[in-house]
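Let's take a walk through this model, starting at the ligand and then moving on to some helix packing. Have the structure open as you read.

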Amino acid sequence: MPDGLGAALEEPIFERAAIIGVGLIGSSLAHVMRRKGLARAVVAYDASADVRTRAREIGLADVVPESLAEAVEGADLVMLCAPVGAMAKIAAEMAPHLKPGAIVSDVGSVKASVAADLGEALPAHVHVVPGHPVAGTEQSGPDAGFATLFRNRWTILTPPEGADAQAVARMTRFWEGAGAHVETMAPAHHDLVLAITSHVPHLIAYNIVGTASDLEDSARAEVIKFSAGGFRDFTRIAASDPVMWRDIFLANKDAVLEMLGRFTEDLTALQRMIRRGDGEGLETLFTRTRAIRRGIIDLGQETAAPDFGRRAKED
Ligand code: NAP
């Protein structure tokens with residue numbers, strides 16, 4: 001069956017692309033780079049020796065070297081795919097080995113902190129073009145990736161002011177080659193938007209699943225048995241990688257706290273409606289929220305199928 005990614009490019013966009021961090025996003029990038037011929041050679045490196053071994057076993061890249069320095073040497077694209085909290089350390093360690101004129105990008109879910117970390121650690125002779133593919137699943141590790149993860153999803157690029165226009169255009173072509181739509185945004189704006197669309201929803205899921213797991217034994221067994229009533233969707237989100245999400249909340253603290261403040265106010269208003277028996281108020285809100293779901297479906301970012309617990313891979 002065709003995968004919807006179209007034919008491979010006639011000429012690769014990069015000669016040698018290094019992926020640093022081979023988890024869900026890094027391995028998905030490796031798959032799509034090779035499937036679409038986005039880079040002539042794909043190099044993959046991970047801090048974990050087990051992950052490097054696994055990457056070799058499943059043939060994720062042309063080369064899987066033993067050190068970060070070897071991985072980035074001669075690369076004209078270096079793509080950081082590690083958790084946000086690891087970016088500063090990686091940038092400092094690889095800085096002396098980067099090829100002049102190389103593009104350094106990333107896929108981190110928070111952008112202002114990563115932009116600052118990369119800007120501080122990297123030499124002036126490379127082009128920094130941070131990015132965030134708004135696509136994922138709750139899986140992690142080198143076996144979790146697949147080539148179509150980014151297809152028809154958005155990637156947000158957050159180039160610093162005065163960034164090299166050619167480097168930004170090249171990264172745009174790269175992500176479009178991976179099947180994504182591309183938008184450019186200021187890092188702080190990205191962080192505010194993602195706080196409400198992704199980070200706070202994850203926090204709510206972690207919290208509700210945490211509350212359920214604190215219930216006494218008999219009630220907890222029933223929560224699992226009758227989980228189809230909405231709870232199951234939260235458990236999927238709350239199964240996301242603990243390290244990645246720890247880093248996101250620490251790195252996007254201000255925007256998350258701002259959005260949580262608004263959320264708490266609105267929750268209090270809902271509490272009052274329930275206490276006062278304000279059915280009209282509840283129905284008005286629920287009608288408005290239903291329209292948002294329809295808008296997402298109309299934009300092709302979701303299907304209307306009642307497929308709870310699905311994996312993006314199967315859509
Ligand atoms: P993942 O599956 O957990 O993979 C991350 C990989 O990076 C792991 O193999 C980890 O190794 C490795 N790593 C950690 N520190 C490193 C270092 N210093 N040098 C080299 N490798 C290192 O995570 P992921 O889901 O792919 O997420 C990666 C990045 O993508 C994060 O910044 C995240 O915010 C972003 N992102 C994720 C999603 C999503 O839905 N998952 C979506 C968009 C963007 P160890 O396991 O040994 O620590």
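A quick definition before we start: a polar contact here is a pair of N or O atoms within 3.5 Å. Keep in mind, too, that this is a predicted model.

With that cut-off in hand, look at Ser-109, where a polar side-chain atom sits 2.6 Å from an oxygen atom of the ligand.

Now for the helices. Find α7, residues 187-213, and follow it to α11, residues 253-275: their axes are 9 Å apart and the packing angle is about 65°. That makes the two roughly perpendicular, since angles of 65 to 115 degrees fall in that class. The crossing is right-handed. On the α7 side, the contact includes Leu-192, Ile-196, His-199 and Leu-203, and these belong to a set that meets α11 residues including Val-256, Met-259 and Phe-263. By class, this contact holds eleven nonpolar residues, one polar and two charged.

α7 has another partner in α10, residues 242-251, with axes that come within 11 Å and cross at roughly 125°. These two helices are therefore oblique to each other, and their crossing is left-handed. Here Ser-198, His-199, His-202, Leu-203 and Tyr-206 of α7 meet Trp-245, Ile-248 and Phe-249 of α10. That contact has five nonpolar residues, three polar and no charged ones.

Methods: Residues numbered from 1 in each chain as written. Predicted model: local features only at pLDDT ≥ 70, side-chain atom pairs only at ≥ 80, totals over all residues. Heavy atoms only, no water. Axes fitted to C-alpha atoms, helices over the stretch in contact; angles between N-to-C directions. Helix = DSSP H or I, 4+ residues; strand = E, 2+ residues; numbered from the N terminus. Parallel < 35°, antiparallel > 145°, perpendicular 65-115°, else oblique. Left-handed = near helix turned anticlockwise from the far one by under 90°. Contact = heavy atoms within 4.5 Å. Nonpolar A, V, L, I, M, F, W, Y, C, P; charged D, E, K, R; others polar. Polar contact = N/O pair within 3.5 Å; in protein donor to acceptor, adjacent residues only side chain to side chain.
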